[in-house]
Amino acid sequence: MTPDQHAEAAALLRKAAQSGEWIAPLREIYPGIDAVSAYAIQKINTNRRLAEGRRIVGRKIGLTARTVQAQLGVDQPDFGTLFDDMGYGDAEPVPVSVLEQPKIEAEIAFVIGRDIESPEPTMVDVMKSVEYALPALEIVGSRIANWNIRFVDTVADNASSAAYVLGSSPRKLSEFDLRMCGMAMTLRGEPVSTGAGAACLGNPLNAVLWLARKMARVGSPMRAGDLVLSGALGPMAAVKPGDIFETRINGLGNVKAVFDAAPAEGKQ
């Protein structure tokens, strides 16, 4: 792809988000798209949001389940950018009108307490840098029609990010078992997803380590205050107006997402 095509693809994604008219997969519009081009498209829209006054608060990690990687034909996760207008507090109403084909998944969020300076971080560097963990619900969304995505489509689309909800029970890493902690997510009290920390690359810290190394290589090392959504602990569920999802992660606590409004015209 050429730089002009990168800019064109980024504009297509922005227009889809604004209009609610989802687009065909970028891999079909631009058959030559690869991972490098996909991240270039993502970066164009990241810079656009910064120019509009938004602030980067962290990163999300996607494709942390080996089964999903196999479905998309890749052997690594991807990442997207979290902005200051994407976050919601525990049980704070989330308007469906700002979302695109939303789905929800339970995750462990990490808050970084010190800069990760090493160009090739180790697990020890990551553990030393994490200030605390929180239960979280990530609301993913796609500007690609019917979620017909492959690796390059989701990467270009900011790793299919939309919003997130954070719990309010911070825990130190030593206070719970990251790998074995069980997760249960309910929709109005009915179970819709179960899993455990091990579903996220074997341990959510493995995902954070992958991200720390990736960000160091692209010249944007992780900094104190950064939020990291580390990846799904179980299957995602579709979101509808009026839904109430609650997740409990053993040893970490609960978090609730409340969706309170009808979607805007065109956003289904």
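This is a predicted model: local features need pLDDT of at least 70, side-chain atom pairs count only at pLDDT 80 or more; totals for chains, interfaces and linings use all residues.

Visitor: Start with α3. What span should its 17 residues have?
Guide: At 1.5 Å a residue, α3 should span 24 Å, and its end C-alpha atoms are 24 Å apart, which agrees. The expected span of a helix is 1.5 Å times one less than its number of residues. Helices (H or I, at least four residues) and strands (E, at least two) are DSSP runs, numbered from the N terminus.

Visitor: Which residues of α3 are buried?
Guide: Ser 37, Ala 38, Tyr 39, Ile 41, Gln 42, Asn 45 and Thr 46. Buried means under 20% relative accessible area, exposed over 50%, and partly exposed in between (1.4 Å probe, protein chains only).

Visitor: And what do those buried residues of α3 pack against?
Guide: They pack against α1, α2, β1, β2, α6 and α7. Contact here means heavy atoms within 4.5 Å.

Visitor: What caps the N-terminal end of α3?
Guide: Asp 34 does, with a side-chain oxygen 3.3 Å from the backbone nitrogen of Val 36. After α3 comes Gly 53, with a positive phi near 105°.

Visitor: Let me pick out Ser 37. What does its side chain make a polar contact with?
Guide: With the side chain of His 6, at 2.9 Å. A polar contact is a pair of N or O atoms within 3.5 Å; within protein, one must be able to donate a hydrogen and the other to accept it, and residues adjacent in sequence count only if both atoms are side-chain atoms. Ser 37 has a relative accessible area of 5%, so it counts as buried. Not counting residues up to four places away in sequence, Ser 37 touches Met 1 and His 6.

Visitor: Where is Met 1 found?
Guide: Met 1 is in the segment before α1. Met 1 counts as partly exposed because its relative accessibility is 28%. Beyond its neighbours within four places in sequence, Met 1 is in contact with residues including His 6, Tyr 30, Ser 37 and Ile 41.

Visitor: How far is Met 1 from Gly 251?
Guide: Their C-alpha atoms are separated by 47 Å, and the two residues are 250 residues apart along the chain.

Visitor: Changing topic: is Thr 81 buried or exposed?
Guide: Thr 81 is buried, with a relative accessible area of 1%. Thr 81 has its place in strand β2. Its side chain is joined to that of Arg 59 by a polar contact of 2.8 Å. Leaving aside neighbours within four places in sequence, the contacts of Thr 81 include Gln 42, Thr 46, Met 86 and Ser 161.

Visitor: Now α7. How many residues does it have?
Guide: α7 has 14 residues and reaches 20 Å from its first C-alpha to its last, close to the 20 Å expected at 1.5 Å a residue. The buried residues of α7 include Leu 205, Val 208, Trp 210 and Met 215. They pack against β1, β2, β5, α5 and β10.

Visitor: What about the ends of α7?
Guide: Asn 203 caps the N-terminal end of α7, with a side-chain oxygen 2.9 Å from the backbone nitrogen of Leu 205. Just after α7, Gly 219 takes a positive phi of about 80°.

Visitor: Last topic, pockets. What volume does the largest pocket have?
Guide: About 670 Å³. On a 1 Å grid over the protein atoms alone, a pocket is an open set of points where a 1.4 Å probe fits, with protein on both sides within 12 Å along at least five of seven lines; lining residues have an atom within 4 Å of a point. Grid points are joined across faces, edges and corners, and a volume is the space filled by probe spheres set on the points.

Visitor: Which helix gives the most to the lining of the largest pocket?
Guide: α3, with 5 residues. The lining of the largest pocket has 26 residues, and Ala 17, Arg 49, Glu 100, Arg 143 and Ser 161 lie nearest its centre.

Visitor: And how much space lies in the second largest pocket?
Guide: About 550 Å³. It is lined by 27 residues, with Leu 63, Val 68, Glu 105, Ala 232 and Met 236 closest to its centre. The largest share of that lining, 4 residues, comes from α4.

How values were computed:
Residues are numbered from 1 along each chain as its sequence is written. Side-chain values use heavy atoms; hydrogens and water are left out.
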